[in-house]
Amino acid sequence: MEEAKVIRTLILDTNVLISSLVRSEGITRVSLTILLHDENCEVLAPADVVEELRAHAQEICHKAGFTLPLLEETMDRLFVNVELAPLSSYQNELHEALQFVRDERDAPFAALALLRSPSTIITYNKRHFNSRRLVRRHVQVLTPVDALRELR
Amino acid sequence: MVTETVPVEIPAEILQLAERSGISREKISALLRDFAVLEILASSSKLTKKDAEKLSREIRVSAWKRLRSYAH
């Protein structure tokens with residue numbers, strides 16, 4: 001009998017995507033692309049936060065010196081492998097999620113992680129999350145590099 | 001149409017890690033293409049870590065303005 005595949009659910013913080021645009025952050029680009037293509041992982045992000053990321057594309061281009069079409073093409077490619085979760089899917093967890101974050105603006109990521117628990121939040125703001133409490137709800141908080149190490 | 005060839009160095013570890021992480025050989029080409037596109041974009045980037053942190057904060061603040069009423 002074939003063994004059932006264990007799919008890991010990863011919640012992607014937008015700060016990882018922004019960091020991958022910094023020239024010196026090659027390790028982030030390696031980790032991010034592997035995680036996005038790993039057949040044993042499903043990657044999710046709150047749709048509203050991704051929408052804001054796209055709304056800031058012009059500003060990102062201005063600061064980074066990119067052309068808008070190139071940035072948009074890159075984002076489109078990366079988001080092919082990301083399931084964008086609408087607010088309606090994690091709205092009921094949003095209030096509870098406030099207990100698990102030190103900065104309420106990170107609540108959408110925690111809410112989505114609680115909804116899809118067991119799950120892992122992939123972020124560079126580990127300090128913003130109350131990891132101990134989240135672990136009790138089967139949610140891990142890891143950097144992209146640490147998440148990759150765990151997959152090995 | 002003007003085309004330009006940009007060399008992209010694929011770290012050896014990306015292939016090893018990809019294989020160890022359970023990515024099939026067929027999917028590796030898609031992974032490498034995405035990595036190359038991201039690498040080409042970042043190779044000309046003037047974005048600093050500080051800029052990236054500031055932008056991430058701004059994005060979260062804007063998103064939260066829309067979402068906060070659903071949390072309270």
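Apart from its neighbours within four places in sequence, A:Ser117 is in contact with A:Arg137, A:His138 and A:Val139, two residues being in contact if their C-beta atoms, placed from the backbone, lie within 7 Å. The model is predicted, so that local features need pLDDT of at least 70 and side-chain atom pairs count only at pLDDT 80 or more, while totals for chains, interfaces and linings use all residues. Residues are numbered from 1 along each chain as its sequence is written, and chains are lettered from A and ligands numbered from 1 in the order in which they are written.

A:Ser117 is placed in the loop between helix 7 and strand 4 of chain A; helices (H or I, at least four residues) and strands (E, at least two) are DSSP runs, numbered from the N terminus. With 15 C-beta neighbours inside 10 Å, A:Ser117 counts as partly exposed. On this scale a residue is buried if 20 or more other C-beta atoms lie within 10 Å of its own, exposed if 12 or fewer, and partly exposed in between, with C-beta atoms placed from the backbone. The peptide bond from A:Ser117 to A:Pro118 is cis, with omega near 0°, and A:Pro118 belongs to the loop between helix 7 and strand 4 (119-122) of chain A. A:His138 lies in the loop between helix 8 (131-136) and strand 5 (139-142) of chain A. Its phi is near 65°, a positive value in a residue other than glycine, and A:His138 counts as exposed because it has 12 C-beta neighbours inside 10 Å. Most residues other than glycine have a negative phi, and most peptide bonds are trans.

Chain A contains nine helices and five strands, which follow the pattern β-α-α-β-α-α-α-β-α-α-β-α-β-α along the sequence. The radius of gyration of chain A is 15 Å, close to the 15 Å that the globule rule gives for 152 residues, so chain A is as compact as a globular protein of that length. This radius is taken over C-alpha atoms, and the globule rule is 2.2 Å times the number of residues to the power 0.38. The C-alpha trace of chain A spans about 45 × 40 × 25 Å along its principal axes. Of the 152 residues in chain A, 49% are buried. Among contacts in chain A with a separation of 6 or more, 63% join residues 24 or more positions apart.

The five strands of chain A form an open sheet in the order 3-2-1-4-5, and the pairing is parallel; two strands pair if DSSP finds at least two bridges between them. Strand 3 and strand 5 of chain A stand at the edges, each with a single partner strand, so one side of each is left without a neighbour in the sheet. The twist averages 30° from one strand to the next. Strand 1 (residues 8-12) and strand 2 of chain A pair in the parallel sense over four bridges, with A:Arg8 opposite A:Cys41 in strand 2. Strand 2 and strand 3 of chain A likewise pair in the parallel sense over four bridges, and A:Pro46 stands opposite A:Ala85 in strand 3. Four bridges also link strand 4 and strand 5 of chain A in the parallel sense, where A:Ser119 stands opposite A:Val139. Five of the six residues of strand 2 of chain A are buried.

In helix 3 of chain A, the buried residues are A:Ala47, A:Val49, A:Val50, A:Glu52 and A:Leu53. They pack against helix 1, strand 2 (41-46), helix 5, strand 3 (82-85) and helix 7 of chain A, together with helix 3 (49-67) of chain B.

The largest nonpolar core has 60 residues, of which A:Ile11, A:Leu21, A:Leu35, A:Ala110, A:Ala111 and A:Leu112 touch the most other members. Such a core is a set of buried Ala, Val, Leu, Ile, Met, Phe, Trp, Tyr and Cys residues joined through C-beta atoms within 7 Å. Its largest share, eight residues, comes from helix 7 (residues 107-115) of chain A.

Between the chains, 45 residues of chain A are in contact with 42 residues of chain B.

How values were computed: Axes are lines fitted to C-alpha atoms, for helices over the stretch in contact, and angles run from 0 to 180 degrees between N-to-C directions.
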